[in-house]
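Open the model in your viewer and keep the selection panel at hand. The stops below tell you what to pick next and what sits there.

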Amino acid sequence: FEEVLSSERFHDSLLRQLQFTFIILAIEVPLGVAIALAMPPKGFWSSVCLVLMAMPLLIPWNVVGAMWNIFALPDIGLLGKTLNSMGFDYNFTRQPVAAWVTLIAMDVWHWTSLVVLLSYAGLSAIPNDYYQAARIDGASSWAVFRYIQLPKMKRVLTIAILLRFMDSFNIYTEPFVLTGGGPGNSTTLLSIDLVKIALGQFDLGPAAAMSLIYFAITLLVSWLFYTLMTKDDDK
């Protein structure tokens, strides 16, 4: 444990993992809520939107990584070739910034749907009486969202943020298939570094200690967040 906690390699990979998780949450939660608000509340098109939103969640993680790897290749991939033909110098296999952007775009595409579905479920559970009272009082759309929709979605958003935090903080398959941790170590997240130490170097002692520290960080942050989000529920 002392060796792991004092290791610069561990600190760097943990920092990259935290940065990735923070960016993912900052993008996916507001985007998911916005899409859920824009979806039709009832009818045929509501069902169509729900099916379309659920489709990315049905794709296995390794397939998502392989899809985006091919999609983003600078020479033959649709995304990479299009960006380069537009004058952008894009190559996620050699450029750390491009690798990060591709990795984040892949995760946003894959997992924003989860936030959308949970937010939509929370919106659907709000009784229509609240909206009728808001119309009578002449409340604006922002006021309806601020004082009716957002408070009523608090529980489902808590679940959504907790799930996305735990998933993004422990993500392995998609970034490993997409970038393999490269170029260099620019996308070597904590999970990838742990597997490299355990299976690549077969250094099982530090790997076991790192896995327990990894679990403890995930558990602690999840507990702190849940406690802060639910502390006013009794009131």
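Predicted model: local features only at pLDDT ≥ 70, side-chain atom pairs only at ≥ 80, totals over all residues.

## Stop 1: a residue on α2

Select I23, which sits in helix α2. Helices here are DSSP runs of H or I, at least four residues, and strands are runs of E, at least two, numbered from the N terminus. I23 is partly exposed, with a relative accessible area of 28%. The cut-offs are these: buried is under 20% relative accessible area, exposed is over 50%, and partly exposed is in between, with a 1.4 Å probe and protein chains only.

Residues are numbered from 1 along each chain as its sequence is written, and side-chain values use heavy atoms, with hydrogens and water left out.

## Stop 2: the whole chain

Zoom out. The protein has 12 helices and 0 strands. Its C-alpha atoms fill a box of roughly 65 × 50 × 30 Å, taken along the principal axes. Of the 235 residues, 40% count as buried.

Next, contacts, meaning heavy atoms within 4.5 Å. Take those between residues at least 6 apart in sequence: 70% of them join residues at least 24 apart.

## Stop 3: α2 against α11

Select α2 (8-38) and α11 (190-200). They pack at an angle of about 145°, with their axes 8 Å apart. On the α2 side, the contact is made by R9, F10, S13, L14 and Q17; on the α11 side, by L190, S191, D193, K196 and I197. By class, this contact has 4 nonpolar, 3 polar and 3 charged residues. Ala, Val, Leu, Ile, Met, Phe, Trp, Tyr, Cys and Pro count as nonpolar, Asp, Glu, Lys and Arg as charged, and the others, Gly among them, as polar. Axes are lines fitted to C-alpha atoms, for helices over the stretch in contact, and angles run from 0 to 180 degrees between N-to-C directions.

Is S13 buried or exposed? S13 is buried, with a relative accessible area of 0%. Leaving out residues up to four places away in sequence, S13 touches T188, L189, L190 and D193.

## Stop 4: V4 in α1

Pick V4, in helix α1 (residues 2-5). V4 is buried, with a relative accessible area of 5%. Beyond residues up to four places away in sequence, V4 touches F10, P206, A209, M210 and I213. Draw a distance from V4 to I148: 47 Å, C-alpha to C-alpha, across 144 residues of sequence.

## Stop 5: α8

I148 is one of the buried residues of α8; the set is A143, V144, F145, I148 and Q149. These buried residues pack against α2, α6 and α7 (128-137). Check the length of α8 (residues 141-152): at 1.5 Å a residue, its 12 residues should span 16 Å, and its end C-alpha atoms are 15 Å apart, which agrees. The expected span is 1.5 Å times one less than the number of residues.

## Stop 6: α3 against α6

Select residues 44-54 for α3 and 96-124 for α6; the helices pack at an angle of about 145°, with their axes 9 Å apart. S46, L50, M53 and A54 in α3 meet S113, V116, L117 and Y120 in α6. By class, this contact has 6 nonpolar, 2 polar and no charged residues.

## Stop 7

Go to P183, in the loop between α10 (173-178) and α11. The peptide bond from G182 to P183 is cis, with omega near -5°. Then select F202, in the loop between α11 and α12 (204-230). Phi of F202 is near 55°, a positive value in a residue other than glycine. Most residues other than glycine have a negative phi, and most peptide bonds are trans. F202 is exposed, with a relative accessible area of 59%.

Finish on S222, in helix α12. S222 is buried, with a relative accessible area of 10%. Not counting residues up to four places away in sequence, S222 touches L162, F165 and M166.
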